[in-house]
Amino acid sequence: MRRRRRPRPPPPRADPMREHERDGGSGTTRAEPELPPQSPEEQARAICLRLLTGMPRTRRQLADALAKRGIPEEVAQEVLSRFEEVGLIDDAAFAGAWVESRHRGRGLARRALAQELRTKGVQAALVQEALEQLDSEQEEQTARELVDRKLRATRGLDRDKRIRRLAGMLARKGYPEGMALRVVRRALEAEGEDTDDGLEYPGV
């Protein structure tokens with residue numbers, strides 16, 4: 001004999017009192033409470049902290065970023081001054097680290113480094129102070145290393161072309177013309193290249 005299936009009980013009905021309490025009596029789902037809007041000072045601090053988390057920045061760079069986001073200038077200057085007081089902004093330290101990193105990593109000379117720091121808003125006195133760690137002897141040594149690395153790529157070219165190409169490379173990195181030509185000629189002479197063309201080169 002087949003067993004008769006028992007009828008399934010109906011699903012429990014929702015308790016109208018609980019529904020009423022959950023939606024606050026309005027008949028709709030209760031929304032999360034909205035946070036109060038940030039003040040301009042809070043926005044400025046948040047923007048600066050976010051930018052400084054990635055890498056050091058100058059005061060000028062941060063001021064430009066705050067202006068682009070519509071932070072009033074008075075508020076921006078107050079927040080930036082506070083960041084300087086606690087050491088989160090330090091243009092002198094930024095400039096010193098920039099000179100060391102860019103000279104070692106890219107071989108940039110003082111002239112190119114000064115230009116980069118000025119575009120980042122570092123004051124002239126701080127730029128000069130940072131460049132003092134890089135003397136002429138060290139600068140010329142770096143120029144020689146740069147030329148030595150590029151010599152092989154110029155082999156097969158005539159002498160004048162090699163001089164122009166190598167000296168041009170140094171000039172783009174900010175080396176003075178006289179130093180660039182002197183370093184290039186000495187490197188070519190060490191290879192046995194005749195660089196005595198009877199012409200006078202500045203600083204040679």
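Me: Which residues are buried in helix H3 (residues 59–68)?

Reply: First, the ground rules. This is a predicted model, where local features need pLDDT of at least 70, side-chain atom pairs count only at pLDDT 80 or more, and totals for chains, interfaces and linings use all residues. Residues are numbered from 1 along each chain as its sequence is written, and side-chain values use heavy atoms, with hydrogens and water left out. Buried means under 20% relative accessible area, exposed over 50%, and partly exposed in between (1.4 Å probe, protein chains only). Helices (H or I, at least four residues) and strands (E, at least two) are DSSP runs, numbered from the N terminus. In H3, the buried residues are Arg59, Leu62, Ala63, Ala65 and Leu66.

Me: What do the buried residues of H3 pack against?

Reply: Contact means heavy atoms within 4.5 Å. The partners are helix H2 (40–54), helix H4 (73–85) and helix H5 (91–106). Just after H3, Gly70 has a positive phi of about 80 degrees.

Me: How many helices and strands does the protein chain have?

Reply: Ten helices and zero strands. Of its 204 residues, 34% count as buried. For contacts between residues at least 6 apart in sequence, 59% join residues at least 24 apart.

Me: Which residues have the most contacts inside the largest nonpolar core?

Reply: In soluble globular proteins, nonpolar side chains tend to be buried together. A nonpolar core is a set of buried Ala, Val, Leu, Ile, Met, Phe, Trp, Tyr and Cys residues joined through side-chain atoms within 4.5 Å. The largest has 18 residues, and Val147, Leu170, Tyr175 and Val184 have the most contacts inside it. Helix H8 (136–154), helix H9 (159–172) and helix H10 (177–190) each supply at least two residues of this core. H10 gives the most, with seven. Apart from this core lies another, of 16 residues, including Ala63, Ala65, Leu66 and Ile71.

Me: What is Val147 in contact with, leaving aside neighbours within four places in sequence?

Reply: Val147 contacts Leu166, Met169, Leu170, Val183, Val184 and Ala187.

Me: Which residues are closest to the centre of the largest pocket?

Reply: Start with the grid: 1 Å spacing, over the protein atoms alone. A pocket is an open set of points where a 1.4 Å probe fits, with protein on both sides within 12 Å along at least five of seven lines; lining residues have an atom within 4 Å of a point. Points are joined across faces, edges and corners, and the volume is the space filled by probe spheres set on them. The largest pocket holds about 200 Å³. Of its 13 lining residues, Met55, Pro56, Arg57, Phe94 and Trp98 are closest to the centre. H5 gives the most to the lining, with four residues.

Me: Where is Gln138, and which residues does Gln138 touch?

Reply: Gln138 is in helix H8. Its relative accessible area is 32%, so Gln138 is partly exposed. Not counting residues up to four places away in sequence, Gln138 touches His103 and Gln133. Gln138 and His103 are 35 residues apart in sequence and 10.0 Å apart in space, C-alpha to C-alpha.
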